[in-house]
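Please open the model in your viewer and keep the selection tool at hand.

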Amino acid sequence: MYRGREGMWSWILHRVTGVAVLLFLFAHILDTMLLLYGPDVYNTVVGIYHNKFFLLMEVALVAAVIYHAVNGLRIIIIDVWPAATRHQRKLFWGAVAVIFAMLIPAAWQMLQPLFEA
Amino acid sequence: MATPNPGTGIRYAGRPRPTQSNFELYSWLFMRVSGVVLWILVLGHLLIMHVLNSVRDIDYAFVENRWANPLWRIWDWTMLILALIHGLNGVRLMSDDYLRKRKHRVIATILIYVAAFAFILIGSITILMFRSPTGM
C-alpha cells in the first residue's frame, strides 16, 4: 500500500515545499537587486519584511526549507543504500523527529519579537 | 520496467537511476550533489540571517558590511546558482509529470530556461557589481 501512506505524503510535500521555496527565491533575488539602487530604495523595500505579519511567513519559509532539506537527505540515503528501504518507515519518522528538532528552536528564536511587546 | 536495483532483491528503492539518456542521469546526479551542498549553504544562510541575527537587523548597512568580505559573496553566488538550477530542474521534472500535451511541455521548458537565464543574470550582477558607497 503506497497511496495515502508516508511515502505519498512525503513525496507531495517535497514538491510543494520545493516550489514554495523557489517562488520565494525569485522574490529574494529581486529584492536583493535593489541594493544597486542605493540605501534609500533598499531599506524602504526590505522594511516590509520587518512587519510582524512577516514573522509567520518567515517561520513557514524556514519550515519549508528544513523539510525539503531533511526529506531530500532521506531520499539520498535510500538511493545510495537501497537496503534502507526495509527500514523506510523508521527512516521517515526519524526524519520527522529531526525536522522538529531543528524547527522548534529556530521558530522560538525568530518569534521573539512577538513576545517582547 | 527493469528491476531498479539489480542484485539486491529490492524492487522499489527511491527513484531508479535513469538509464535512457545521459542528460537525465546527470540531472538525477546533479539534484543529489547540489542538494548536499545546498544543505550546508542554505541552512547555514538561514541560521546566520534568521536565528543568530534577525530579519529586523538586515538593511543596506548590514549587507554592505557582510559583502565587504569576498568569501560571503562567493558563498551567496554559489548558493544562488545551485539553488536556481536545482529548483528550476525540479520544476522541469514536475512539468514532465503533469503536462500531458507535448506542446505545453515545450512551452514550459522554454519558460524554465528563460527564467534560469534571467534570474542567474540579475542575481550575478547584484552580487558581483555591488560597490559600497562608503568604500567598505
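How are helix 3 of chain A and helix 4 of chain A oriented to each other? Select residues 53–80 of chain A for helix 3 and residues 88–110 of chain A for helix 4. Their axes lie 9 Å apart and the packing angle is about 155°, so the two helices are roughly antiparallel to each other. Their crossing is right-handed. Next, display the side chains in this contact: among them are A:L55, A:V59, A:V62, A:I66 and A:R74 of helix 3 and A:L91, A:F92, A:V98 and A:M102 of helix 4 of chain A. By class, this contact has 18 nonpolar, no polar and two charged residues.

The model is a predicted one, in which local features need pLDDT of at least 70, side-chain atom pairs count only at pLDDT 80 or more, and totals for chains, interfaces and linings use all residues. Residues are numbered from 1 along each chain as its sequence is written, chains are lettered from A and ligands numbered from 1 in the order in which they are written, and side-chain values use heavy atoms, with hydrogens and water left out.

Some terms used here require their cut-offs. Helices are DSSP runs (H or I, at least four residues) numbered from the N terminus. Axes are lines fitted to C-alpha atoms over the stretch in contact, and angles run from 0 to 180 degrees between N-to-C directions; over 145 degrees counts as roughly antiparallel. A crossing is left-handed if the near helix is turned anticlockwise from the far one by less than a right angle, and right-handed if clockwise. Contact means heavy atoms within 4.5 Å. Ala, Val, Leu, Ile, Met, Phe, Trp, Tyr, Cys and Pro count as nonpolar, Asp, Glu, Lys and Arg as charged, and the others as polar.

Now select helix 3 and helix 4 of chain B, which pack at about 170° with axes 10 Å apart and are therefore roughly antiparallel. Residues including B:W77 and B:L84 of helix 3 meet residues including B:I112 and B:F119 of helix 4 of chain B. This contact divides into 15 nonpolar, three polar and five charged residues.

Terms used
Parallel < 35°, antiparallel > 145°, perpendicular 65-115°, else oblique.
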